[in-house]
Amino acid sequence: LTLVIGFIVVQIVVFGLLEKAGGSNFSRESKYMASPSELATERSHSKPLGIRCWEYIKRAKLSYKTHQAVVLIVTFFAYTTYHATRKTTSIVKSALDPQSSAAGFKFSWRITYLSSPAETQRRSWVLGDGWAPFNGPDGTALLGQLDVAFLAVYAIGMYFSGHLGDRMNLRIFLTVGMIGTGLFTSLFGVGYWANIHSFYYFLIVQMIAGLFQSSGWPSVVAVVANWFGKKKRGLIMGIWNAHTSIGNITGSLIASTLLSYGWGWSFVVPGLLIAFMGILVCLLLPVSPESVGADRQEEEEDDAVDSPKKKKEGVTEPLLGSHTEMKENAVGFIEAWRIPGVAPFAFCLFFAKLVAYTFLYWLPYYISHTAIEGKYLSDETAGNLSTFFDIGGVLGGILAGHISDRLDARAITAATFMYCAIPALYFYRSYGHISLAMNIALMFICGMFVNGPYALITTAVSADLGTHSSLNGNSKALATVTAIIDGTGSVGAAIGPLLTGYISANSWSAVFTMLMAAALVAGLLLTRLVVAEVAARISETRSQGRSQSRSQEPEL
């Protein structure tokens, strides 16, 4: 924890120096007005190769709606693979440390005997004996250290990634991050065939993988926000954010299925998958309408029809209009923190992700070490069962986005979901062992309330704040604001699994108490914003009532 805090302090100082050193250059860039010929040349070179080939075959430019569809599909599958590679560790964890007594439960390892003695012996070696150094008495603590190392570097890298993402081509930046993630995820699995038993090898590989993983979220959110205005942003991003849960489900199923062939495959296959998807991103992803010369007028007309009160809202369109050809000045790190609402949502996400990532990394382990109907489940079954938490998260993200759109109240929605997560967590711990059906139902409900606000804050809220009215239409804060919010949340995501590794040695009930306390604090941190939104709704209702009463008064 001290190391994480120290790194955050250092990177804040570094960003301050970078802003002072580069301020004059950026200010000169912001005043530069590009000529039409230069803009046309720049657009043709910035178009992805796949888009150029598509337009060549079609012999016509792609429409704005087509570009939007491409953006949603490509970024959806891109971040699905990010989470698929991230989920494998939690599935393989019990295979690396199968008989740990640190979990506080008497565990009877189940081996499913196959048809031939040779296959039986191989499966016993693959799953039953564990993998040094994780199969020792301190195996649980070592696995917890891997988690916190990955997430700490991920959180720190997130701040830098957002800062760089607002100053670089997001398509290239995202491609490099995905290929690097695939490489180092695969290198973790290579330790299986190379017979590597050094803890520091796995630690270093996980840390570098976390650094490359940090490039993903700020990039995809910035690209999606570039193409979609505030109209139905919560619902659209709530559905789009299902990639998080679908990625977890995909990673769980792939890792669980390949576990019987050797745990190395559980890392290599997802690693190859994300690298392949990175190549597709490089070929197909249009970063913004301006980068491909798309006409934004269609989107602006749609928003104008449904948003008559747009000028009264605190959020503006994600980018300047297509008629404005001015290069924008990237917003600084400290300046982004000062945007109203960034700090409360960032610290709320700290505790929300602490809960969500504790489930992400420890739920399969918890299930396999907990007797359900008096029986213990195998790693593969526990991994598959844990996907119901993510399925609930898909529904929770969509509901949170839709409700926040209808109420126009992001803070009220997020806080309400966090408060509802507290009894859901209590019931899952207290009654989840009664039966398999009860465990699945309560796990689904937990996923809905835990992942709902997490999805809302990291998508629609980040996009809203990254296009806040105080920025005067400047889009160059999208990746930075997204990185600040999700980076701060990722610090909590690192601390939660780390504390769980130690607390679970004494009691899993204490772990759930920690999670319930974190959910409570997350809701309380939004109190000021909730009060402001309630006051705004009351004021709006009163003004509507007065206008209606005046319209009903008889004319003299």
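A residue counts as buried when its relative accessible area is under 20%, as exposed when it is over 50%, and as partly exposed in between (1.4 Å probe, protein chains only). Helices (H or I, at least four residues) and strands (E, at least two) are DSSP runs, numbered from the N terminus.

This is a predicted model, in which local features need pLDDT of at least 70 and side-chain atom pairs count only at pLDDT 80 or more, while totals for chains, interfaces and linings use all residues. Residues are numbered from 1 along each chain as its sequence is written, and side-chain values use heavy atoms, with hydrogens and water left out.

**The chain as a whole**

The chain has 23 helices and 0 strands. Of its 556 residues, 56% are buried. A contact means heavy atoms within 4.5 Å. Among the contacts with a separation of 6 or more, 85% join residues 24 or more positions apart.

**Helix α3 and what covers it**

Helix α3 spans residues 49–58, and its buried residues are Gly50, Ile51 and Glu55. Seen down the axis of α3, these buried residues fall within an arc of 135°, so they line one face of the helix. The arc is taken from the directions from the helix axis to the C-beta atoms. Tyr56 and Ile57, on the other side of α3, are exposed. The cover over the buried residues includes α4 and α12 (265–284). Just after α3, arginine 59 has a positive phi of about 60°.

**Tyrosine 82 in helix α4**

Tyrosine 82 is in helix α4 (residues 64–96). It is buried, at 0% relative accessibility. Leaving aside neighbours within four places in sequence, tyrosine 82 touches residues including Leu174, Met178, Phe212 and Ile274. Tyrosine 82 and methionine 178 are 96 residues apart along the chain, yet their C-alpha atoms are separated by 7.5 Å.

**Salt bridges**

Side chains of opposite charge can pair when their charged atoms come close. A salt bridge is a side-chain nitrogen of Lys or Arg within 4 Å of a carboxyl oxygen of Asp or Glu. The structure holds 5 salt bridges, and the table lists some of them.

| Pair | N to O distance |
|---|---|
| Lysine 47 and glutamate 55 | 2.8 Å |
| Lysine 93 and aspartate 147 | 2.7 Å |
| Glutamate 540 and arginine 537 | 3.5 Å |

Lysine 93 lies in helix α4 and aspartate 147 in helix α6 (residues 139–165), so this pair ties together parts that are 54 residues apart in sequence. Lysine 93 is buried, at 0% relative accessible area, and aspartate 147 is buried at 1%. Lysine 47 and glutamate 55 are both buried as well.

Glutamate 540 and arginine 537 both lie in helix α23 (residues 527–552), 3 residues apart, or about one turn of the helix. Glutamate 540 is partly exposed at 30%, and arginine 537 is partly exposed at 26%.

**The surface**

The chain exposes about 23,200 Å², of which carbon and sulfur atoms supply 66%. Accessible areas come from the Shrake-Rupley method with a 1.4 Å probe; for residues, only the protein chains shown count as cover. Tyr426, Phe427, Tyr431, Ile434 and Met438 make a nonpolar surface patch of about 470 Å². Patches are made of residues with over 30% relative accessible area and no salt bridge: like charges are joined within 9 Å, and nonpolar side chains (Val, Leu, Ile, Met, Phe, Trp, Tyr) within 5 Å. Helix α19 (residues 410–431) gives the most to the nonpolar patch, with 3 residues. Methionine 438 is in helix α20 (residues 436–466) and is partly exposed, at 34%.
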